Amino acid sequence: MVKKPVPNDTPQLPDWFDRRPLDQWLRKRGHDAFADSVAEICARRLDQPTNGDLKRWVAALADLPFGQGRQLDYSDGRVRVVGPGGDPIALRETLMRFHPWRKGPFEFLGVPIDTEWRSDWKWNRIARAVDLKLKSVLDVGCGNGYYGWRMLEAGASIVMGLDPILRFLMQFQVFDRYETRPRRHFVLPMVDTDLPEKLAAFDVVFSAGVLYHRTSPIDHLRSLAGALVPDGKLVLETLIIEDDQPSVLVPEDRYAQMRNVWFIPSLEMLFRWLRRTGFEDIKTIDITPTDTNEQRSTDWMTFQSLADFLDPQDSSKTIEGYPGPVRATVVARRKEAE
């Protein structure tokens, strides 16, 4: 395949954003055009000379201690930087420059980062869904990459995470720079609509907490199917409504104070959407209501959280009167090409 030339006006990727092992992996598998597209998209989205937050985050990275025997460890279910420590007060102040920390928990040289979400609880439910040993994984809506590290722990050969929020990308960088082993986990400032229609590159695709934020859930599921190799597995975690019928909740304005919640299906409807978009062997792995033990404000996420978004008189309902958040995890297999 002839390599697609990168346009001359494409900005340079910053030095701290090194994704060369991912580029090599894509090209080795014949995805040269997509590798070129990834480089161009990331360069353009990181070319923000007037973004004061981005400048402050890059400066905060430089203020963190580096090297000197420090390394990343995710062998025991936690994601943490271990090694010679420093002044815990100074470390905490620097890490707080990346506030709010939503997914985790993390630990940095002995400083615990108590994130808004107990994402380890969700991971323990999701991890049962599929065998990741030696599998290539795409994690759509990956946030700060917490789940990607857990995927490597579960045996994944490579993880490519997509998330457009630069704050989360920079939180990933806080930990990624301490990885001393060959790099196999990458977070990119991209979304699923940046994927080619028929990429067919990954053994497993994860989409957790994304579907209900999409104005077109069908298009989202199609993009996930297109990213999978034939017979590849989808792990989908999303809000649902509890109804035996194929129904959908469309909030009038907000759901739990979120403006960007568009469609919340019942399981029957979700299964129908999946069948229509090229999936089969669909199974429910878990159904769990979200409560204020799993999602809450902390010292590391000081804004409002779930407790503020539920009816104060009836916690089974949102503040708008809709059914409270219930999340389902399903796994499905992409059909082989007919």
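**Entry 1: two helices**

I looked up where H3 and H7 touch: Leu54, Trp57, Val58 and Leu61 in H3 meet Leu166, Arg167, Met170, Gln173 and Val174 in H7. Contact means heavy atoms within 4.5 Å. By class, this contact has seven nonpolar, one polar and one charged residues. Ala, Val, Leu, Ile, Met, Phe, Trp, Tyr, Cys and Pro count as nonpolar, Asp, Glu, Lys and Arg as charged, and the others, Gly among them, as polar.

I note that this is a predicted model, where local features need pLDDT of at least 70, side-chain atom pairs count only at pLDDT 80 or more, and totals for chains, interfaces and linings use all residues. Residues are numbered from 1 along each chain as its sequence is written, and side-chain values use heavy atoms, without hydrogens and water.

**Entry 2: the cores**

Which residues have the most contacts inside the largest nonpolar core? I found Phe108, Phe175 and Phe206, in a core of 90 residues. A nonpolar core is a set of buried (under 20% relative accessible area, 1.4 Å probe, protein chains only) Ala, Val, Leu, Ile, Met, Phe, Trp, Tyr and Cys residues joined through side-chain atoms within 4.5 Å. Another core, of ten residues, lies apart from it and includes Tyr255 and Tyr322.

**Entry 3: leucine 224**

I found leucine 224 in helix H8 (residues 217–227). Helices are DSSP runs of H or I, at least four residues, numbered from the N terminus. Leucine 224 is buried, at a relative accessible area of 0%. Beyond its neighbours within four places in sequence, leucine 224 contacts Val140, Val205, Ser207, Leu234 and Phe279. Serine 207 is 17 residues from leucine 224 in sequence and 8.2 Å from it in space, C-alpha to C-alpha.

Notes:
Buried means under 20% relative accessible area, exposed over 50%, partly exposed in between (1.4 Å probe, protein chains only).
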